[in-house]
Amino acid sequence: MKPPSLTVQTLADALSETLQLAWIAGQRGATHDLSCADSPTGGASLVNHLNLINPCAIQIIGPLELSHLTALAQTDRAESIQRLFTHALTVILSDGVVAPPALRDAADRHAVALFGTPLDGEKILVHLRRFLSEALAERATVHGVCLEVLGIGVLLTGASNVGKSELALELVTRGHRLIADDAPEFARITPDTLQARCPAVLQDLLEVRGLGLLNVRAMYGDNAVKQTKNLRLVIELRHTAPTPTDLVRLHGTYDECTILGITVPVIVIHVAPSRNVAVLVEAAVRKHLLHETGYDAADDLARRQLKLIEAQHP
């Protein structure tokens, strides 16, 4: 799914209160689409401090940058301002900087939004990069149930009727948190980070066969749901029995999947009436967290056996 459209007006409406933005000039630039700006590395790279050599769509001018412009000879200053407003879609004056008439005139002439704010330029930069990386991220919807389990984002997948929603309900009752049921949305907010979120229409809802729709927030409280979480693990539920090999018994059934070009580890859990799948999911997450630190119990056993053999046969 392509990134959504994001106009300057939408940006201003979303952040005017947080960033204390005041629209100074260039109101005709409200309809400029920031998502159309050339940014191969994502939305965060659309904004930076004043840069006339490699200009970006949103440029921040603080006291230091303004003093540099002011110190230029009149011809050079006019050329710099012309270049700034030719390439930029939005200019923000930070730290309470007063807009010189030349910047106001250029903003109106080129239809480029000019904002002012009393906040520090670095704070503006951090907020804008976070906002743009999420707002302009590439998105995909994957069938399954997404939860926060033991502090990480986990996606439960599997065939219909395998018991994903019932498992999610049990995990919620065990203190974990629901992100989205049935159609979680994933956004690639950095080159190697997938953020899971819930479509607004499905917020807080979980469908369980026989019970219908449940409002998890209303039933279990605010702490039972989570707005967003970075995806770090997929757990696939299967009805089929595991292959009875020593390798699978020692290491488990592992795989990988790709979402928006990012590879995500997959742990397969085989579902059967006698198995406590919620406990197995918690154990799988704990094992994955240990694996990320470099520890593997099967490798540990192999090392112990090797030491024992070496001790018996010096």
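The crossing of helices H3 and H4 is right-handed, meaning that the near helix is turned clockwise from the far one by less than a right angle. The model is predicted, so local features need pLDDT of at least 70 and side-chain atom pairs count only at pLDDT 80 or more, while totals for chains, interfaces and linings use all residues. Residues are numbered from 1 along each chain as its sequence is written, and side-chain values use heavy atoms, with hydrogens and water left out.

**Helix packing**
- Two packed helices are described by the angle between their axes and the distance between the axes.
- Here H3 covers residues 74-87 and H4 covers residues 101-110. Their axes lie 10 Å apart, at an angle of about 40°.
- That angle makes H3 oblique to H4. Under 35 degrees counts as roughly parallel, over 145 as roughly antiparallel, 65 to 115 as roughly perpendicular, and the rest as oblique.
- Axes are lines fitted to C-alpha atoms, for helices over the stretch in contact, and angles run from 0 to 180 degrees between N-to-C directions.
- Helices (H or I, at least four residues) and strands (E, at least two) are DSSP runs, numbered from the N terminus.

**Aromatic pair**
- The structure holds 1 aromatic pair. Rings of Phe, Tyr and Trp (its six-membered ring) pair if their centres lie within 6.5 Å; planes under 30 degrees apart are stacked, over 60 edge-to-face, and the rest tilted.
- The ring centres of Trp23 and Phe115 are 4.6 Å apart and the planes meet at 45°, so this pair is tilted.
- Trp23 sits in strand S1 (residues 22-25) and Phe115 in strand S5 (residues 113-116), so the pair ties together parts 92 residues apart in sequence.
- Phe115 is buried at 3% relative accessibility, whereas Trp23 is partly exposed at 25%. Buried means under 20% relative accessible area, exposed over 50%, and partly exposed in between (1.4 Å probe, protein chains only).

**Cysteines**
- The whole structure has 0 disulfides, a disulfide being a pair of cysteine sulfur atoms within 2.5 Å.
- For Cys146, the closest cysteine sulfur is in Cys198, 9.5 Å away and too far for a bond. Cys146 is buried, at 0% relative accessibility.
- For Cys257, the closest is in Cys146, at 12 Å, again too far for a bond. Cys257 is partly exposed, at 23%.

**Domains**
- The protein chain is assigned domain 1 (8-136) and domain 2 (139-303). Such bounds come from an automatic or database domain assignment.
- The C-alpha centres of the two domains lie 41 Å apart.
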